[in-house]
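Me: I would like to go through some labels attached to a model and check each against its definition. Please show me the structure first.

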Amino acid sequence: MEKLVIRGGQPLQGSLPISASKNAALPLMAASLLAPGVTRLGNIPRLRDITTFSHVLRIAGAEVTRSGDGLEVDASRIFFPEAPYELVKKMRASFYMLGALLGRCGKARVSLPGGCAWGPRPVNLHIDGIKALGASIDLDEGYVVASSPGGRLDGGTFKLDPSSVGATVNILLAASTARGGSRIENAAIEPDVVVCCEMLQAMGARLGGVGTRTIEVEGVPLLRPAAFSNCPDRIELGTFMIAAAIAGIPGETVTLTRAHPGHLGEDFMEAFRQTGADCDIGANTVSVTAPEELTSVSITTGIYPGFPTDLQAQWSVLLACCPGTGSVTDTVYGDRFNHIPELARMGVRAQVSGNRVVVKGGTQLKGARVMSTDLRASVSLVLAGMVASGTTHVGRIYHLDRGYEKLEDKLSACGIDIRRERYDEFATPQRPDP
Ligand code: UD1
């Protein structure tokens, strides 16, 4: 296995480029199945989740190849409309195959994803939404088996409650090629959804209300391949803004380039400014200047444009670096606190109760051996390692590799002492010689 070894206390300096968005790339890859022919996707990150999802597309019959900074997806022949358990359990977004395969082939057999590292993550809205479009759905040996009578869905109206990114994308994919019109109410308006709609429009889909809570879809028989470029990763941007605030030299600016600052949402920006960190927004850049002392700011996550749940673990580390007490309340995923016991091993004083964690800041963190439990939890441990005294070993970084491209290269280019090492997690510790 691999781990990251961080010698803390080195300041973050200079500029960091933001990679392409993982969460936006996955719906685009799924959408490319709707068009027979070769779709060219630009700006697709080199990440484990992209490799996994490429494999999911290949199983269905697509040919997926790397091309420059992006991917070429040849979906001329989609002959096996199935997404197997072995891949869906690794990556829940593979469930996008339900909408994509129904939209393209009129049938799909997709494994249910099962549990997730931080508790239940239901897919009831995906299934009910697709049913509302006229699909018949059965459960067979853990697989959702869906088909459209006559080969094409009728279309229909569905209201999401709560609003869900994944369900909005899945319903959109299925509805784009339906016989009739569809309406998604309380649709997600996350940039990932908007970007997916824009790609579908470039492929010939007829959509109205893009970027609003009500999306109207007028089905077309088939979409055509398109060339489309993905957006930068807003969660990576938020992560590096937090890194600059806690590990930057007070008064000196760290610049994040190739970013799309507008995608972060106002709640995050507002909370970030309240910490006292200075934040200068350009068209594609965010320049962060750390203050002498950060101010603790409590946050509550919410659906877009609320504070992203994918940034709450990192925010807890920021709170640990502020004098005073602050809290993180997660209203999207109430159990997402696996990082807290690991951070406690580094001296973070935090108490979880229900969907809230209260963090008492102001003490120097100390390096320790800690373990990644999920993607965003992992990066919060790296952030803590950067500001801790001594050395931190972050194990099981395969979680991190799912969603942060070249993290250690980017951070070490900016002054952080971080390296990747192999290790044997099951090695038995040896007694020292007397
Ligand atoms: C996406 C992101 C994930 C992020 C999450 C919330 C991807 C690949 N993943 O996940 O990184 O943390 O958005 O911003 O883009 N819900 C239901 N039933 C459903 C579906 C969702 O009740 O069928 C609930 C969830 O439990 C949650 C809320 O809806 O409380 C929002 O979840 P959703 O937007 O669906 O998250 P994902 O698309 O799975």
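Me: What makes Q312, A313, Q314, W315, S316, V317, L318, L319 and A320 in α10 count as buried or exposed?
Reply: Those residues of α10 are buried, where buried means under 20% relative accessible area, exposed over 50% and partly exposed in between, with a 1.4 Å probe and protein chains only. This is a predicted model, in which local features need pLDDT of at least 70, side-chain atom pairs count only at pLDDT 80 or more, and totals for chains, interfaces and linings use all residues. Residues are numbered from 1 along each chain as its sequence is written, and side-chain values use heavy atoms, with hydrogens and water left out.

Me: Why is α10 called largely enclosed by the rest of the structure?
Reply: Because nine of the nine residues of α10 are buried.

Me: How do you know that Q312 is buried?
Reply: Its relative accessible area is 0%, and the limit for buried is under 20%.

Me: What does Q312 touch, not counting residues up to four places away in sequence?
Reply: Q312 touches I299, T301, F307, V328, D330, R336, F337 and H339; contact means heavy atoms within 4.5 Å.

Me: Why is the pairing of the Q312 and D330 side chains called a polar contact?
Reply: The distance is 3.0 Å. A polar contact is a pair of N or O atoms within 3.5 Å; within protein, one must be able to donate a hydrogen and the other to accept it, and residues adjacent in sequence count only if both atoms are side-chain atoms. The pair therefore qualifies.

Me: Which residues does M97 contact, leaving aside neighbours within four places in sequence?
Reply: M97 is in contact with L33, F53, V56, L57, A60, A83, L102, A108 and V110.

Me: Which residues touch the most other members of the largest nonpolar core?
Reply: Of its 76 residues, F53, M97 and L200 do. A nonpolar core is a set of buried Ala, Val, Leu, Ile, Met, Phe, Trp, Tyr and Cys residues joined through side-chain atoms within 4.5 Å.

Conventions
Helices (H or I, at least four residues) and strands (E, at least two) are DSSP runs, numbered from the N terminus.
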